[in-house]
Structure formats: structure tokens, C-alpha cells
Amino acid sequence: MTSRTPSAARLTRTELRTSLLLLMVATFVTCIAGALTGAVTLDLGQVWSVAGTDRTIFLQVRLPRVLLAATVGGALAVAGAALQPTLRNPLASPDIIGVSGGAALAAVFALAVLPSGLGQYFVPMAAFVGAASSSALVYRLSLVHGRLEPYTQILVGVIFNTFAASLILLVSAVVDMSRTQSIVFWLMGGIAVHPYPVLALVAALVGIGTAVLVREARTLDLLSLGDETAEHLGVDLGQSRRRVFAAASLMVGAVVALTGVITFVGLIVPHLLRRILGSDNRLLLPASLFGGATFLVLCDAIARTAIRPAELPVGAITAMAGGPFFIYLLRRSASAGRDL
Amino acid sequence: MSNAIELRAVEYRYRSSDTGLKGVDLVVPTGSMTAVIGPNGSGKTTLLRVLAGLVTPSGGDVSVCGGPPDSARRRSFARQVAVVGTQSLLGFPYTVLEVVLMGRAPHIEGFRLESEADLEAAAEAMESTEVAALSHRIFDTLSSGERQRVAVARALAQEPRLMLLDEPAAFLDIKQQTVLYDLLAALNEERGMTVVSVLHDLNLASLYFDQVVLLDQGSVYAAGAPEDVITYASVREVYQTDVYVDMNDLTGKLNVLPLPRSRKT
């Protein structure tokens with residue numbers, strides 16, 4: 001790709017509106033289709049018209065699950081899209097800020113020590129606390145002379161995640177087998193059914209984070225030019241980086257607490273959308289919200305139906321879809337010249 | 001206001017080396033073209049960073065466009081002062097037009113898209129730097145010379161009163177060097193835009209600039225008209241190399257020719 005494919009060389013109002021509208025419709029249609037698909041295929045007419053089993057399954061089981069998948073996918077994709085220009089690295093994913101590593105470590109610790117009945121309530125809480133404290137730690141360790149340095153931040157994030165992963169292995173090695181299995185399942189990442197109030201809380205946190213990031217969209221474009229040029233164009237680097245870091249941590253922490261670590265969504269979705277829609281973050285960030293939602297609802301539908309009636313962890317599906325696809329994109333970019 | 005830049009006894013010291021600025025006094029009148037020259041490590045880029053507000057000096061007073069270039073007025077500063085530094089790759093597929101439009105950011109509030117006036121400013125900047133034909137191209141696929149011209153276009157789109165440039169001609173061929181400095185001279189002439197440029201080419205410094213500041217080890221060795229500053233003696237002392245300096249009959253400006261160290265006389 002040596003030039004931008006859409007008609008204009010810049011983001012126009014029409015392109016902004018049309019793209020977002022199409023993505024919204026895609027998300028809506030995928031959510032409805034996703035909620036009708038599963039071990040039992042539901043009939044939309046039945047669900048709509050009469051109170052019965054179909055309706056109960058739809059409202060109590062499928063819909064909350066699909067809504068969670070949409071929220072989680074959207075949150076991971078927006079966080080990834082915002083962190084990539086902030087860290088000036090198109091390969092940065094939300095995991096890089098240490099949120100998932102810390103969440104996983106705390107959740108695994110909770111799964112290892114808590115009586116099994118309490119896990120349902122306390123594991124998400126432990127994971128959220130772990131996410132918040134680990135991102136605060138990574139933030140603190142990434143400050144150089146009081147400023148956030150992208151390269152230091154990436155290195156600290158990678159090292160922190162490796163450290164967390166080895167501690168997780170250590171904990172898994174010393175607990176009994178039944179707990180090891182629940183640990184492995186949590187680590188693979190999965191979308192479960194949660195009560196509507198919990199979904200509303202997570203959606204609110206994701207909404208707040210998204211609003212903060214979208215407000216910073218233009219700043220994110222300027223950050224791509226490099227720290228000094230961004231400052232020359234009026235960006236307050238410290239303030240912008242702190243906002244992006246805090247908003248991304250909040251969103252990713254909230255979703256990871258409920259679903260465990262789901263990889264590749266924050267990497268693949270912004271990357272793909274950037275190739276189609278261009279890099280302007282005023283479009284890319286809101287587009288990633290809907291793109292990520294659609295992508296994860298699809299992956300979850302596959303996870304529920306591929307080996308029905310059994311289910312696969314959705315994290316395994318995103319990794320299986322994402323890994324090879326990402327390698328393909330990178331190879332294609334490499335052969336077309338430097339053009340991520 | 002008669003002076004775009006006033007520096008008094010400005011000090012700046014890097015943590016890891018003894019280079020920096022030592023008691024720099026400098027006045028740049030509004031509407032002038034000032035070249036900053038000097039050997040590697042003499043403090044040229046540091047001086048430019050102080051003027052751009054990227055680093056805060058440890059001592060002395062700095063006034064740029066009527067005030068200190070500090071973070072408190074970063075956005076309003078960006079509407080008056082544009083900076084062209086070294087161009088690195090972006091890593092994200094932005095088009096040339098998108099990059100130039102980023103120069104309008106200090107004039108646009110928040111999330112809003114660019115207005116017709118912003119697009120006109122960008123188009124004009126791209127015409128004058130001869131990059132209009134590249135507007136659809138992805139910035140990272142351009143040659144280094146083309147990227148440099150796009151950076152100048154982005155700075156022009158800011159519609160600044162003062163432009164600070166660090167080695168803007170480094171990657172440009174001789175035609176494009178002329179295009180760039182002709183353009184800066186025209187903007188200086190027609191709009192009264194003040195230009196301060198760091199450069200290594202002493203011939204270009206003499207050809208286009210009315211004031212030359214020669215830095216040596218962080219201090220101002222000489223400042224004034226090119227023919228007063230760029231002399232055989234000053235260049236030999238500061239750069240510690242032999243040169244031939246002469247007046248060119250065609251341009252009426254200096255000709256500076258470096259002489260090989262192994263020269264047999």
C-alpha cells in the first residue's frame with residue numbers, strides 16, 4: 001500500500017459518518033446473529049413474539065454473553081488502537097502496559113487460595129485490583145526524569161509480563177490438579193454469562209475509557225510524528241500519555257477481570273481497520289470500538305459452535321485466527337516495502 | 001515588538017556531557033533571516049531546542065515571540081512558532097496530506113475535522129514546497145528529501161510568524177535546496193516571517209541570510225552580517241580547518257571552499 005485507497009487523501013466528514021454507520025450496523029447484525037447461534041439455534045420470530053424457552057435462552061443466556069463479548073472486543077480494540085500511536089509502535093497491544101499480566105497473576109493467586117465456591121465473585125475483583133496495581137507499577141517504572149518514555153514503557157511492560165507469567169507457572173505448579181485446570185481455563189480467556197448489572201458496570205467503565213481516548217484522538221495522530229514534533233504542535237506530552245495510559249488501563253482492567261486474557265484483538269482489529277480506513281485516529285478509535293465488538297462476537301460464536309455441545313475458550317479462537325493472519329499481514333507488508 | 005527572539009546569558013548543560021550553552025546572548029529582529037552555524041557539538045541544536053521550548057535553560061532569560069517558550073502557552077506558541085527538525089518514519093500509514101494537515105492542529109479545537117480554510121492553507125503550503133503531487137502517497141514510502149519537504153509544508157500550514165529549522169536542507173539535492181531557501185526568503189520578504197535556521201553549508205548561510213550566528217563550544221563566537229562573521233580567520237579558529245573565502249562576483253555573496261587537509265602548497 002503506497003497510497004490511500006479511499007477517494008480522498010484525508011478523512012472527510014462523509015467517510016467518517018459512512019464508515020461508522022456501516023460498522024455500527026455490522027456490530028448490531030453480528031450481535032443478533034451471534035445471540036441466535038449456539039448449541040441450539042433459536043428462531044428470531046419465536047424470541048420476539050412469545051414468552052418461552054427460546055426467549056428465556058435468548059434473554060438470560062445468549063444476549064448477556066454476546067453483549068459481554070461486544071464490550072470486551074470493543075474495549076480491547078480501542079485500547080490497542082490508542083496505545084499503538086502513544087507508544088509509537090504498531091505492534092503494541094493492550095497487554096504491553098502490564099494490565100493483563102497483573103490481572104492474570106492476581107486471578108491465578110485467587111483461584112489457587114480461595115475456596116472454590118467463592119471464586120465466581122472474588123476472582124474478577126482480584127483480577128481488577130491486580131490490573132490496576134500492575135498498570136500503576138508499570139507506569140511508575142516507565143517514568144524517566146518524570147516523563148513517560150515509550151521505549152522504556154514497552155520494555156518494562158514486556159519484562160513485567162514475563163515476570164508475571166513465571167510467577168503464574170510457579171503458582172500453577174504447586175496447587176492441586178483441579179485448581180490447575182481452572183487456572184488454565186481462566187488464562188485462556190473466555191466469555192461467560194454474567195448478570196446484567198455487572199455488564200452495565202463494565203460497559204460504563206469501557207464507555208468512560210473510550211470517551212477519554214476518543215477525545216485524545218487528534219493528539220494521538222500528532223504523537224505519531226514523534227515526541228518533539230508533537231510538542232511543537234502544541235501537545236502536552238505528559239498529560240496526554242497519562243490520560244491514554246489511565247483510560248486504557250481502566251478499560252482493559254475491567255474486561256480482563258471478567259474474561260481472562262484474550263489476546264490479539266487489540267492488535268489485529270486496529271491494524272486491519274487502519275489498512276482499510278487510514279490512520280486518522282478520529283475515525284480509527286470509534287471504528288475500533290465497533291470493529292472489535294464485531295470481531296469478538298464472531299469469535300465467541302465460533303467458540304460456542306465449533307465442537308458443540310462443548311465449547312472452546314474464545315481466547316484460543318482469537319489467537320488461532322489472529323496469529324496466522326497477523327503473520328500474513330506482516331509478510332505482505334514486508335514484501336511491499338516498509339509500510340505497516 | 002521589534003525582536004522575535006531575545007536571549008540573555010542563557011545557560012544549558014546536559015547531564016552526560018559538558019556540551020550545552022554557556023552564557024548565550026542573542027537578538028533576532030522580527031522579519032530577519034538568521035543562520036546558526038558552528039561545528040558539530042557547538043550547541044546549535046541545543047539553542048534551537050531552547051528556542052522551541054523543548055528544554056528549559058538552567059539560567060538566563062529567553063523570550064520568543066513576546067514571552068518565554070514554556071509549556072503554559074504551548075498551543076498558542078504553536079500558532080506562532082513552527083519547527084522543522086529531523087524527519088523520522090511514522091510507522092503508521094498516514095498520507096502526505098494528512099501529515100501536512102497535522103500542521104493545522106494548533107488552530108483547530110479538539111476532535112473537529114479540518115475546515116475549508118484549513119484545507120486551503122495545507123494546499124498552499126504543499127504547492128509552495130512542490131509536494132502537492134504527492135498528497136495521496138503514504139508518508140513513510142517517500143524518499144528522505146521528499147519527507148523533508150513535507151515537513152516544511154506541515155510547518156508552513158501552521159502559518160507561523162517565526163520558523164525554526166534544524167538542518168532543513170540535509171537530505172535535499174541542490175535544486176531542492178534552492179527551492180527551499182527561495183521559499184523561506186520569499187515568505188520572509190512577503191509576509192515578514194522570521195526565519196532561524198541551523199545549517200552546515202556556509203555558502204547557503206551567506207547566500208540567503210542577513211544575520212549569521214557562529215557558535216563555538218556553546219558560546220556565541222561572532223554574530224552579524226555573513227561577510228563579517230564568515231571569515232578565513234573565524235572559520236579556521238572555530239572549525240579548525242583550512243578554508244578559502246572569497247566574494248562571488250555573480251551573487252555578490254561569499255564563496256566558502258573547504259580545503260583538503262592533505263593539501264600541498
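Leaving aside its neighbours within four places in sequence, which residues is B:Gly59 in contact with? The partners of B:Gly59 are B:Ala9, B:Val10 and B:Glu11, where contact means heavy atoms within 4.5 Å. Here is a friendly tour of that spot, the interface and some helix pairs.

This is a predicted model, in which local features need pLDDT of at least 70, side-chain atom pairs count only at pLDDT 80 or more, and totals for chains, interfaces and linings use all residues. Residues are numbered from 1 along each chain as its sequence is written, chains are lettered from A and ligands numbered from 1 in the order in which they are written, and side-chain values use heavy atoms, with hydrogens and water left out.

**Around B:Gly59**

- B:Gly59 sits in strand 4 (residues 59–64) of chain B; helices (H or I, at least four residues) and strands (E, at least two) are DSSP runs, numbered from the N terminus.
- B:Gly59 and B:Asn3 are 56 residues apart along the chain, and their C-alpha atoms are separated by 21 Å.

**Where chains A and B meet**

- In chain A, 42 residues are in contact with 38 residues of chain B.
- The two chains bury about 3600 Å² between them, 60% of it on carbon and sulfur atoms; buried area is the accessible area (1.4 Å probe) that two parts lose on being put together, summed over both.
- Four salt bridges are counted between chain A and chain B, a salt bridge being a side-chain nitrogen of Lys or Arg within 4 Å of a carboxyl oxygen of Asp or Glu.
- A:Glu228 and B:Arg49 form a salt bridge, with their closest N and O atoms 2.1 Å apart.

**Salt bridges overall**

- Over all chains, the whole structure has 20 salt bridges.
- A:Asp280 pairs with A:Arg218 in a salt bridge whose closest N and O atoms are 3.9 Å apart.
- That pair links distant parts of the chain, 62 residues apart: A:Asp280 lies in the loop between helix 12 (265–277) and helix 13 (281–305) of chain A, and A:Arg218 in helix 9 (residues 217–224) of chain A.

**Helix 4 with helix 6, chain A**

- The axes of helix 4 (residues 99–113) and helix 6 (residues 150–174) of chain A come within 9 Å and cross at roughly 15 degrees; axes are lines fitted to C-alpha atoms, for helices over the stretch in contact, and angles run from 0 to 180 degrees between N-to-C directions.
- Helix 4 and helix 6 of chain A are therefore roughly parallel to each other (angles under 35 degrees count as roughly parallel, over 145 as roughly antiparallel, 65 to 115 as roughly perpendicular and the rest as oblique).
- On the helix 4 side of this contact are residues including A:Gly101, A:Leu105 and A:Val108, and on the helix 6 side residues including A:Phe160, A:Ala164 and A:Ile168.
- By class, this contact of helix 4 with helix 6 of chain A has nine nonpolar, three polar and no charged residues; Ala, Val, Leu, Ile, Met, Phe, Trp, Tyr, Cys and Pro count as nonpolar, Asp, Glu, Lys and Arg as charged, and the others, Gly among them, as polar.

**Helix 3 with helix 8, chain A**

- Helix 3 (residues 53–86) and helix 8 (residues 196–215) of chain A have axes that come within 10 Å and cross at roughly 20 degrees.
- Helix 3 and helix 8 of chain A are therefore roughly parallel to each other.
- The residues of their contact divide into 15 nonpolar, two polar and no charged.
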